[in-house]
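This report describes a single chain from its overall make-up down to individual residues. Please keep the sequence and the coordinates at hand while reading.

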Amino acid sequence: MKDFIEAGYLASGKVYVFLHSWELALAVLILSIIFKSPGLFILFLGISSHLVIDNVQKDNPLVYFIIYRMMMNFDRSILLPELDR
Ligand SMILES: [Zn+2]
């Protein structure tokens, strides 16, 4: 699966990683507080712990901020420079 996704990066030069954003994690956290929802808080813990693990493996520490990815026009060479080595 990882090879398939990375092949997708290479083919298009763009990076679209769905459900991988700190903004989403923050939104889920806020919703869990607003609705006092343990389920949403557990979802937040799952998303954020997954993102931490993914994030420490990437050279660009901002890669999992969707706003940053949009500002960089989802350019693979900026977001995932490690794939060019
Ligand atoms: Zn991931």
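## Model and confidence

This is a predicted model, in which local features need pLDDT of at least 70 and side-chain atom pairs count only at pLDDT 80 or more, whereas totals for chains, interfaces and linings use all residues. Residues are numbered from 1 along each chain as its sequence is written.

The mean pLDDT of the chain (pLDDT being the predictor's confidence in each residue, from 0 to 100) is 87, and 87% of the residues reach 70 or more. Confidence is lowest in α1, where the mean is 53, and highest in α2, where it is 97.

## Overall make-up

The chain has five helices and zero strands, and its pattern along the sequence reads α-α-α-α-α. Helices (H or I, at least four residues) and strands (E, at least two) are DSSP runs, numbered from the N terminus.

Of the 85 residues in the chain, 12% are buried; a residue is called buried if 20 or more other C-beta atoms lie within 10 Å of its own, exposed if 12 or fewer, and partly exposed in between, with C-beta atoms placed from the backbone. Among the contacts with a separation of 6 or more, 47% join residues 24 or more positions apart, a contact being a pair of residues whose C-beta atoms, placed from the backbone, lie within 7 Å.

## The pair α2 and α3

Two packed helices are described by the angle between their axes and the distance between the axes. For helix α2 (residues 22-34) and helix α3 (residues 38-56), the axes come within 8 Å and cross at roughly 160 degrees; such axes are lines fitted to C-alpha atoms, for helices over the stretch in contact, and the angles run from 0 to 180 degrees between N-to-C directions. The two helices are therefore roughly antiparallel to each other, a label given to angles over 145 degrees, while those under 35 count as roughly parallel, 65 to 115 as roughly perpendicular and the rest as oblique. The crossing of α2 and α3 is left-handed, that is, the near helix is turned anticlockwise from the far one by less than a right angle.

On the α2 side, the residues that meet α3 are Trp 22, Leu 24, Ala 25, Val 28, Leu 29, Leu 31 and Ser 32, and their counterparts in α3 are Leu 40, Phe 41, Leu 43, Phe 44, Ile 47, Ser 48 and Leu 51. The residues of this contact divide into twelve nonpolar, two polar and no charged, where Ala, Val, Leu, Ile, Met, Phe, Trp, Tyr, Cys and Pro count as nonpolar, Asp, Glu, Lys and Arg as charged, and the others, Gly among them, as polar.

Ser 49 is also found in α3 and counts as exposed, with 11 C-beta neighbours inside 10 Å. The C-alpha atoms of Ser 49 and Ala 25 are separated by 9.8 Å, and the two residues are 24 apart along the chain.

## Residues in and around α4

Met 70 is found in helix α4 and is exposed, with 9 other C-beta atoms within 10 Å. Its C-alpha atom is separated by 9.9 Å from that of Tyr 16, 54 residues apart along the chain.

The loop between α4 (66-71) and α5 (76-79) holds Asn 73, a residue other than glycine with a positive phi near 55 degrees. Asn 73 counts as exposed, with 11 C-beta neighbours inside 10 Å. Phe 74, found in the loop between α4 and α5, has a positive phi of about 55 degrees although it is not a glycine, and Phe 74 is partly exposed, with 17 other C-beta atoms within 10 Å.

Note on methods: Two residues are in contact if their C-beta atoms, placed from the backbone, lie within 7 Å.
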